[in-house]
Amino acid sequence: MKRTIGFLIGMALMIATPAAAHFQMIYTPEAALTSGGELDLKLVFCHPFEAGHTMDMGKPLEFFMVHKEQKTDLMKDLKPITWMSETNSGAAWEAKVKARKMGDFVFCLVPEPYFESKEDAYIQQITKVIVNNAGMPTDWDAAVGLPAEIVALDKPYALWTGNVFRGVVLGDGKPVPNAEIEVEYLNHPPVPGKNTFQKEPLVVAPQDAFVTMTIKADANGQFCFGIPKAGWWGFAALGVGPMDKYKGKENSQDAVIWVKAVDMK
Amino acid sequence: MKGFFVGGALLLLLAWTGLASAHTPLCACYDNGDGTVTCEGGFSDGSSAAGVEMRVEDKAGNVLEKGKMNELSEFVFKKPDGDYKIVFYAGPGHDIVIDGKDVSE
């Protein structure tokens with residue numbers, strides 16, 4: 001009997017342990033554009049490797065872009081959508097944004113903290129994605145000034161498969177030594193024109209440690225990751241921002257950046 | 001005096017050659033929808049293309065309009081009626097030709 005109870009507790013713990021990490025996503029199909037135009041951006045709080053549970057997003061606190069050091073507020077461009085995952089549907093947002101000029105467009109999202117009831121704590125993933133038009137580098141390597149931020153050391157839109165991506169984790173503008181960073185692959189890319197992930201995964205992980213990979217920054221807050229496959233990769237530095245409490249509970253203020261690699265063909 | 005000028009010219013040449021060989025020229029154009037086209041230029045290290053020669057030519061290569069990238073690294077011209085091409089000329093081997101058909105709407 002004791003063994004049965006122990007087994008059931010063990011099973012419950014296994015089930016309760018999430019295999020994949022929460023990742024705030026700002027998705028657009030291409031990071032390196034040859035000619036500018038209207039970008040279709042999807043803001044989804046999800047589990048990108050497994051296309052699993054989509055968390056409901058509240059109205060973002062801030063959504064803006066930086067181009068040639070000029071900040072443009074995009075809050076008025078946000079529209080609510082429902083995002084379908086493999087297991088549920090969740091509240092998400094989309095925006096159509098004109099990006100015609102040459103250079104980098106740094107999209108930044110400060111979401112409302114999400115209450116994770118299982119942990120009785122909040123998660124706020126401050127997220128950045130950089131889209132380039134016509135190859136002209138303008139803003140990709142500059143800190144925007146977010147409370148939690150990853151600053152790229154390699155152009156996040158100009159990575160061949162097999163390149164490394166390096167970044168510096170900043171919390172309140174300062175490097176965070178030994179920051180813990182979760183890395184996930186967007187294994188079910190969104191279906192064009194639909195608010196859902198494609199059903200078929202691109203790869204199969206041999207074990208859970210390959211779903212959400214964990215790496216560490218060095219003493220200077222720098223990290224390096226070799227990119228094994230083309231597509232979008234998300235990096236989330238956990239709890240590096242200064243706002244560690246929200247509504248009287250713990251808040252993990254994370255810094256997220258998405259980068260895209262392409263195959264040499 | 002002669003040596004000074006020759007040396008200066010050589011230095012200038014080296015500086016120009018260094019700039020041209022190290023960085024890829026970049027240019028992109030878009031239709032403003034009001035009968036004009038804006039071209040933006042620059043180099044792959046992020047430096048400005050201000051002062052770079054710009055030409056708009058017809059199919060036969062006749063120059064329809066000629067100018068330079070302004071201080072914002074932009075060049076605006078009246079969109080020709082027929083087929084045309086845009087030439088961004090940043091020195092020998094560093095020119096970019098954009099077909100009018102490839103100008104973003």
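This is a predicted model: local features need pLDDT of at least 70, side-chain atom pairs count only at pLDDT 80 or more; totals for chains, interfaces and linings use all residues.
E149(A) forms a salt bridge with K128(A), with 2.8 Å between the closest N and O atoms. The glutamate belongs to strand 11 (residues 148–152) and the lysine to strand 10 (residues 121–133) of chain A, so the pair ties together parts 21 residues apart in sequence. K128(A) is buried as well, since its relative accessible area is 1%.

The search over all chains returns 16 salt bridges. One of them pairs E74(B) with K101(A), at 2.8 Å from N to O. Because E74(B) sits in strand 5 (residues 74–78) of chain B, and K101(A) in the loop between strand 7 (89–99) and strand 8 (103–110) of chain A, this pair joins two chains. E74(B) is buried at 14% relative accessible area, whereas K101(A) is partly exposed at 28%.

Within chain B, R55(B) and E53(B) meet in a salt bridge of 2.7 Å, N to O. Salt bridges with shared partners link E53(B), R55(B), E57(B) and K85(B) into one network.

Finally, I turn to chain A as a whole. It contains one helix and 20 strands. For its 265 residues, a compact globule would have a radius of gyration near 18 Å, and the chain's value of 18 Å agrees. Of these residues, 51% count as buried. Among contacts with a separation of 6 or more, 67% come from residues 24 or more positions apart.

Definitions and conventions. Residues are numbered from 1 along each chain as its sequence is written. Chains are lettered from A and ligands numbered from 1 in the order in which they are written. Side-chain values use heavy atoms; hydrogens and water are left out. Helices (H or I, at least four residues) and strands (E, at least two) are DSSP runs, numbered from the N terminus. The radius of gyration is taken over C-alpha atoms; the globule rule is 2.2 Å times the number of residues to the power 0.38. Buried means under 20% relative accessible area, exposed over 50%, partly exposed in between (1.4 Å probe, protein chains only). Contact means heavy atoms within 4.5 Å. A salt bridge is a side-chain nitrogen of Lys or Arg within 4 Å of a carboxyl oxygen of Asp or Glu.
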